[in-house]
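Please open the model in your viewer and have the selection tool ready.

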Amino acid sequence: MMMHDHNAEGERFRKIASLSNNYTPPADSCATYQATYAKLREFEKDLHQHIHLENNLLFPGAIAAEKQLIN
């Protein structure tokens with residue numbers, strides 16, 4: 001279920017990146033607008049790192065530990 005959620009969030013941020021021209025604010029945008037885009041970019045990077053750690057380290061480790069407990 002959580003991997004499904006991860007896929008959905010990845011897709012959501014691909015859409016946000018696309019709609020925002022890959023987090024590129026308009027040339028005439030104010031500092032707040034620019035900061036918002038920068039924070040969105042940073043959040044997406046952190047989110048991908050979080051998803052990577054869970055999908056590739058935490059979840060496989062938990063599955064392996066569960067199998068050991070069952071056997």
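The stops below concern a predicted model and begin with its first helix.

Select residues 2-19, which form helix H1. H1 contains 18 residues and spans 26 Å from its first C-alpha to its last, close to the 26 Å expected at 1.5 Å a residue.

Within H1, now highlight His6, Gly10, Phe13 and Ala17, which are buried. These residues lie on the same side of H1, because they cover an arc of only 70° around the axis. An α-helix has 3.6 residues a turn, so residues three or four places apart point the same way. Helix H2 is part of what covers the buried residues of H1.

Turn to the face of H1 directed away from its buried side; the exposed residues there are His4, Asn7, Lys15, Ser18 and Leu19.

Return to His6 and display its side chain. Its relative accessibility is 9%, and because buried means under 20%, His6 counts as buried. The side chain of His6 makes a polar contact of 2.8 Å with that of Glu54. Beyond its neighbours within four places in sequence, His6 also touches other residues, including His50, Ile51, Asn55 and Phe59.

Next, select Phe13, Ala17, Tyr23, Tyr37, Leu47 and Ile51, the six residues of the largest nonpolar core. H1 and H2 (31-70) each contribute at least two residues to this core, and H2 provides the largest share, three residues. Centre on Ala17: apart from neighbours within four places in sequence, Ala17 is in contact with Asn22, Tyr23 and Glu44.

Notes. Residues are numbered from 1 along each chain as its sequence is written. This is a predicted model: local features need pLDDT of at least 70, side-chain atom pairs count only at pLDDT 80 or more; totals for chains, interfaces and linings use all residues. Side-chain values use heavy atoms; hydrogens and water are left out. Helices (H or I, at least four residues) and strands (E, at least two) are DSSP runs, numbered from the N terminus. Buried means under 20% relative accessible area, exposed over 50%, partly exposed in between (1.4 Å probe, protein chains only). A polar contact is a pair of N or O atoms within 3.5 Å; within protein, one must be able to donate a hydrogen and the other to accept it, and residues adjacent in sequence count only if both atoms are side-chain atoms. Contact means heavy atoms within 4.5 Å. A nonpolar core is a set of buried Ala, Val, Leu, Ile, Met, Phe, Trp, Tyr and Cys residues joined through side-chain atoms within 4.5 Å. The expected span of a helix is 1.5 Å times one less than its number of residues. The arc is that of the directions from the helix axis to the C-beta atoms.
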